[in-house]
Amino acid sequence: MRLILLGPPGAGKGTQAVYLSELLSIPAISTGDILRAEVKAGSELGLTAKRYMESGGLVPDDTIIDMMRSRLADQECAGGFLLDGFPRTVTQARALASLVTIDKVLALEIPKEVIISRLGARRSCPECKAVYHLEHQPPQEEGKCDGCSTDLIIRADDAPETIRSRLEAYEYQTSPLLEFYSSTGNLVRIDGDRSIAAIKADLAKLVG
Ligand code: AP5
């Protein structure tokens, strides 16, 4: 299976990607996680990406397409994959289509006010990338990751003014992908404003 999880910031892509990856035994590839690791490592790619990510804008298409072309050529992706956060522009989607055929595009849809409240209460593990929510998905011990006990952080781009820029980037640059994939006939729209468990159950049926 070659799947794309599409949706605005905070739609729950990362949360559901972990689940689908386990269910289908395919790697979940998050461009956001790859870029954050590059920023942390201080690589050339990380230095380029950092200023775009900090402002809530998108990293240039050429940079992302090069990065993903090499990632998708990995042996690990030979049996399928789940993309979280890529493609994010029509240019990226066309580049992806020239590399592989996608089976399904799962689009999580949620209202803007829910996004803002979800991201305000998100806590992330900088080590193993696990995602928590203070109310809906709290860690067992306050402030610590369940899996690796690392101190949880608030992502730098979860500041309210950066969330606004990320939402604008989604609206103007990413949401046209709904039309793009609708025309290719493999778009499935999912109501993302429900419990994590209800969405999981729907996704399992869709990919089963
Ligand atoms: P990225 O890391 O991809 O961020 P994003 O798309 O903004 O998505 P998020 O990680 O914020 O949200 P999510 O949908 O994964 O939600 P989550 O599951 O965490 O990208 C970061 C930046 O990198 C971009 O801004 C850009 O600069 C750059 N970038 C990345 N890819 C790029 C590309 N292709 N091109 C150019 N630039 C790129 O859930 C959110 C919260 O809600 C959590 O607290 C979670 O516990 C909770 N939650 C989840 N589901 C539910 C539910 N059903 N009910 C209640 N709470 C829930």
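**Pocket, helices and loops**

Author: The second largest pocket has about 190 Å³ of space in it. A pocket here is an open set of points on a 1 Å grid over the protein atoms alone, where a 1.4 Å probe fits, with protein on both sides within 12 Å along at least five of seven lines. Points are joined across faces, edges and corners, and the volume is what probe spheres set on them fill.

Reader: And what kind of model am I looking at?

Author: This is a predicted model, where local features need pLDDT of at least 70 and side-chain atom pairs count only at pLDDT 80 or more, while totals for chains, interfaces and linings use all residues. Residues are numbered from 1 along each chain as its sequence is written, and side-chain values use heavy atoms, with hydrogens and water left out.

Reader: OK, back to that pocket. Which residues line the second largest pocket?

Author: Its lining (residues with an atom within 4 Å of a point) consists of Gly 14, Thr 15, Val 18, Tyr 19, Glu 22, Ala 130, Val 131, Gln 137, Ile 196 and Lys 200. By class, 5 are nonpolar, 3 polar and 2 charged. Ala, Val, Leu, Ile, Met, Phe, Trp, Tyr, Cys and Pro count as nonpolar, Asp, Glu, Lys and Arg as charged, and the others, Gly among them, as polar.

Reader: Which element gives the largest share of the lining of the second largest pocket?

Author: That's α1, with 5 residues. Both α1 (13-24) and α9 (196-207) supply at least two residues of the lining. The numbering runs from the N terminus over DSSP runs: helices are H or I, at least four residues, and strands E, at least two.

Reader: Switching to helix packing. At what angle do α2 and α4 pack?

Author: Helix α2 (residues 31-41) and helix α4 (residues 61-72) pack at about 105 degrees, and their axes are 12 Å apart. Axes are lines fitted to C-alpha atoms over the stretch in contact, with angles from 0 to 180 degrees between N-to-C directions. The two helices α2 and α4 are therefore roughly perpendicular to each other. The cut-offs: under 35 degrees is roughly parallel, over 145 roughly antiparallel, 65 to 115 roughly perpendicular, and the rest oblique.

Reader: Which residues of α2 and α4 meet?

Author: From α2, Thr 31, Ile 34 and Leu 35 meet Ile 64, Met 67, Met 68 and Arg 71 of α4. That contact (heavy atoms within 4.5 Å) divides into 5 nonpolar residues, 1 polar and 1 charged.

Reader: How about α5 and α8, at roughly what angle do they cross?

Author: Helix α5 (residues 90-99) and helix α8 (residues 176-184) cross at roughly 30 degrees, and their axes come within 9 Å. On the α5 side the contact uses Val 90, Ala 93, Arg 94 and Leu 96, and on the α8 side Pro 176, Leu 177, Phe 180 and Tyr 181. By class, the α5 and α8 contact has 7 nonpolar residues, no polar and 1 charged.

Reader: Now α7. Is Arg 166 buried or exposed?

Author: Arg 166, in helix α7 (residues 160-174), counts as buried because its relative accessibility is 11%. Buried is under 20% relative accessible area, exposed over 50%, partly exposed in between (1.4 Å probe, protein chains only). Beyond its neighbours within four places in sequence, Arg 166 contacts Pro 9, Gly 56, Leu 119, Arg 122, Arg 155, Asp 157 and Asp 158.

Reader: What does Thr 162 touch?

Author: Thr 162 is also found in α7, and at 8% relative accessibility it counts as buried. Not counting residues up to four places away in sequence, Thr 162 touches Met 53, Glu 54, Ser 55, Gly 56, Ala 156 and Asp 157.

Reader: And Ile 115, where does it sit?

Author: Ile 115 is in helix α6 (residues 112-120) and is buried, with 3% relative accessible area. With residues up to four places away in sequence set aside, Ile 115 touches Pro 8, Pro 9, Ile 110 and Leu 167.

Reader: What's phi of Ser 25?

Author: Near 55 degrees, a positive value in a residue other than glycine. Ser 25 lies in the loop between α1 and β2 (28-30), and it counts as exposed at 66% relative accessibility. Ser 149, not a glycine either, has a positive phi of about 60 degrees and lies in the loop between β6 (131-133) and α7.
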